[in-house]
Amino acid sequence: MLTVASDIDVLARFGRALADPIRCRILLALRQAPAHPADLADTLGISRTRLSNHLACLRDCGLVVAVPDGRRTRYELADERLGRALDDLRAAVVAVEADRSCPDADAKGCC
């Protein structure tokens with residue numbers, strides 16, 4: 001059981017970042033490779049303003065960092081372990097979903 005405030009805060013920040021599909025898409029894109037905001041906006045098909053707001057949230061959550069790149073700024077995951085964590089979390093959720101079975105499926109017509 002998590003009782004240390006800092007552990008709980010870290011998980012809450014991660015959860016807040018994953019709570020929005022656009023932020024999830026940004027994290028998954030950055031998992032593949034660092035990117036400049038204009039390129040990310042084009043890849044994701046969203047406006048640069050909207051992307052900027054989501055990048056600010058991800059920076060505040062400590063999940064991405066802005067790296068000066070000449071006159072531009074490149075974004076990347078704050079730590080390479082975040083990419084592995086995203087992969088592990090996705091795999092765990094998919095595995096649990098695949099294993100889920102409802103014992104009353106036939107009677108209730110669900111699942």
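How closely do the axes of α2 and α4 come, and at what angle do they cross? The axes of these two helices come within 10 Å and cross at roughly 75°, where an axis is a line fitted to C-alpha atoms, for helices over the stretch in contact, and the angle runs from 0 to 180 degrees between N-to-C directions. The legends below treat this crossing and other parts of the chain.

This is a predicted model, in which local features need pLDDT of at least 70 and side-chain atom pairs count only at pLDDT 80 or more, while totals for chains, interfaces and linings use all residues. Residues are numbered from 1 along each chain as its sequence is written, and side-chain values use heavy atoms, with hydrogens and water left out.

**View 1. The whole chain, with 6 helices and 2 strands.** Helices (H or I, at least four residues) and strands (E, at least two) are DSSP runs, numbered from the N terminus. Followed along the sequence, the chain shows the pattern α-α-α-α-β-β-α-α. Of the 111 residues in the chain, 27% are buried, where buried means under 20% relative accessible area, exposed means over 50%, and partly exposed lies in between (1.4 Å probe, protein chains only). Contact means heavy atoms within 4.5 Å, and among contacts in the chain between residues at least 6 apart in sequence, 50% join residues at least 24 apart.

**View 2. The largest nonpolar core, which has 22 residues.** A nonpolar core is a set of buried Ala, Val, Leu, Ile, Met, Phe, Trp, Tyr and Cys residues joined through side-chain atoms within 4.5 Å. In this core, the residues with the most contacts inside it are I26, L30, L40, L51 and L63. Two or more residues come from each of the elements α1 (5–18), α2 (21–32), α3 (37–44), α4 (48–60), β2 (72–77) and α5 (80–99). When residues up to four places away in sequence are not counted, L30 touches A35, L40, V64, Y75, E76 and L77.

**View 3. The crossing of α2 and α4.** With an angle of roughly 75° between their axes, α2 and α4 are therefore roughly perpendicular to each other; angles under 35 degrees count as roughly parallel, over 145 as roughly antiparallel, 65 to 115 as roughly perpendicular and the rest as oblique. On the α2 side, I22, R23, I26 and L27 meet R50, L51, H54, L55, C57 and L58 in α4. By class, this contact has 7 nonpolar, 1 polar and 2 charged residues, where Ala, Val, Leu, Ile, Met, Phe, Trp, Tyr, Cys and Pro count as nonpolar, Asp, Glu, Lys and Arg as charged, and the others, Gly among them, as polar.

**View 4. H54 in helix α4, and C24 in helix α2.** H54 is buried, with a relative accessible area of 10%, and, not counting residues up to four places away in sequence, H54 touches D20, I22, R23 and I26. C24 is partly exposed, with a relative accessible area of 22%, and, leaving aside its neighbours within four places in sequence, C24 is in contact with A17 and L18.

**View 5. The buried and exposed faces of α3.** The buried residues of α3 are A38, L40, A41 and L44. Seen down the axis of α3, these buried residues fall within an arc of 165°, so they line one face of the helix; the arc is that of the directions from the helix axis to the C-beta atoms. What covers the buried residues of α3 includes α2 and α4, whereas the face turned away from the buried side carries the exposed residues D42 and T43. Just after α3, G45 takes a positive phi of about 70°.

**View 6. R31 in helix α2, and E80 in helix α5.** R31 is partly exposed, with a relative accessible area of 24%, whereas E80 is exposed, with a relative accessible area of 62%. E80 and R31 are 49 residues apart in sequence and 8.1 Å apart in space, C-alpha to C-alpha. For R31 and G83, which are 52 residues apart along the chain, the C-alpha atoms are separated by 5.1 Å. Not counting residues up to four places away in sequence, R31 touches L77, G83, D87 and R90.
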